[in-house]
Amino acid sequence: MGEIKKRLPLQCPACGECRTEVCGDFELPVLARLSDKEQQFILAFVKSSGSLKGMAKSMGVSYPTVRNILDDLIDRLSKMDE
């Protein structure tokens with residue numbers, strides 16, 4: 001049987017509000033393993049409803065630049081799954 005992986009707790013397991021700390025070895029979710037810049041790109045992508053044209057305009061770069069950033073991010077995420 002496969003090993004059960006622990007998930008990173010995002011809040012106190014008892015009340016969800018206090019500043020209780022949980023220590024241990026936890027596997028980070030895929031998105032948490034990305035750099036801040038990559039996470040911000042993903043948030044912008046979702047907020048723009050996946051419109052690369054809109055993202056290019058808001059970022060002040062060309063559509064191909066945004067497409068290349070997305071392709072690199074997709075490649076990185078694919079390698080994390082392996």
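View 1. Ser49 follows α1 and has a positive phi, near 55°. This is a predicted model: local features need pLDDT of at least 70, side-chain atom pairs count only at pLDDT 80 or more, and totals for chains, interfaces and linings use all residues. Residues are numbered from 1 along each chain as its sequence is written, and side-chain values use heavy atoms, with hydrogens and water left out. Helices are DSSP runs (H or I, at least four residues), numbered from the N terminus.

View 2. Helix α1 takes in residues 36-47. The expected span is 1.5 Å times one less than the number of residues. Glu38, Phe41 and Ile42 are the buried residues of α1. They cover an arc of only 100° around the axis, so they lie on the same side of α1. The arc is that of the directions from the helix axis to the C-beta atoms. Asp36, Lys37, Gln40 and Lys47 are exposed on the other side. Buried means under 20% relative accessible area, exposed over 50%, and partly exposed in between (1.4 Å probe, protein chains only). The cover over the buried residues of α1 includes α2 (52-59) and α3 (63-81).

**View 3. Helix α3 and its buried side.** At 1.5 Å a residue, the 19 residues of α3 should span 27 Å. The end C-alpha atoms are 27 Å apart, which agrees. Val66, Leu70 and Leu73 are the buried residues of α3. Their arc around the axis is only 65°, which puts them on the same side of α3. An α-helix has 3.6 residues a turn, so residues three or four places apart point the same way. The buried residues of α3 pack against α1 and α2, where contact means heavy atoms within 4.5 Å. Exposed Asp72 and Lys79 sit on the face of α3 turned away from its buried side.

View 4. Glu38 pairs with Arg76 in a salt bridge, with the closest N and O atoms 2.4 Å apart. The pair links distant parts of the chain: Glu38 belongs to helix α1, Arg76 to helix α3, 38 residues apart. Arg76 counts as partly exposed, at 33% relative accessibility. Glu38 is one of the buried residues of α1. The structure holds three salt bridges, each a side-chain nitrogen of Lys or Arg within 4 Å of a carboxyl oxygen of Asp or Glu.

View 5. Asp71 forms a salt bridge with Arg67, the closest N and O atoms being 2.7 Å apart. These residues are four apart in helix α3, so about one helical turn separates them. Asp71 is partly exposed at 33% relative accessible area. Arg67 is partly exposed at 30%. Asp75 and Lys79 also meet through their side chains in a salt bridge (3.3 Å, N to O). Asp75 and Lys79 are four residues apart in helix α3, again about one helical turn. Asp75 is partly exposed, at 40% relative accessibility. Lys79 is exposed, at 52%.

**View 6. A nonpolar patch on the surface.** Leu8, Leu10 and Leu28 form this patch, with about 300 Å² of accessible area together. Leu28 lies in the segment before α1. Leu28 is partly exposed, with a relative accessible area of 37%. Patches are made of residues with over 30% relative accessible area and no salt bridge; like charges are joined within 9 Å, nonpolar side chains (Val, Leu, Ile, Met, Phe, Trp, Tyr) within 5 Å. Accessible areas come from the Shrake-Rupley method with a 1.4 Å probe; for residues, only the protein chains shown count as cover.

How values were computed
Helix = DSSP H or I, 4+ residues; strand = E, 2+ residues; numbered from the N terminus.
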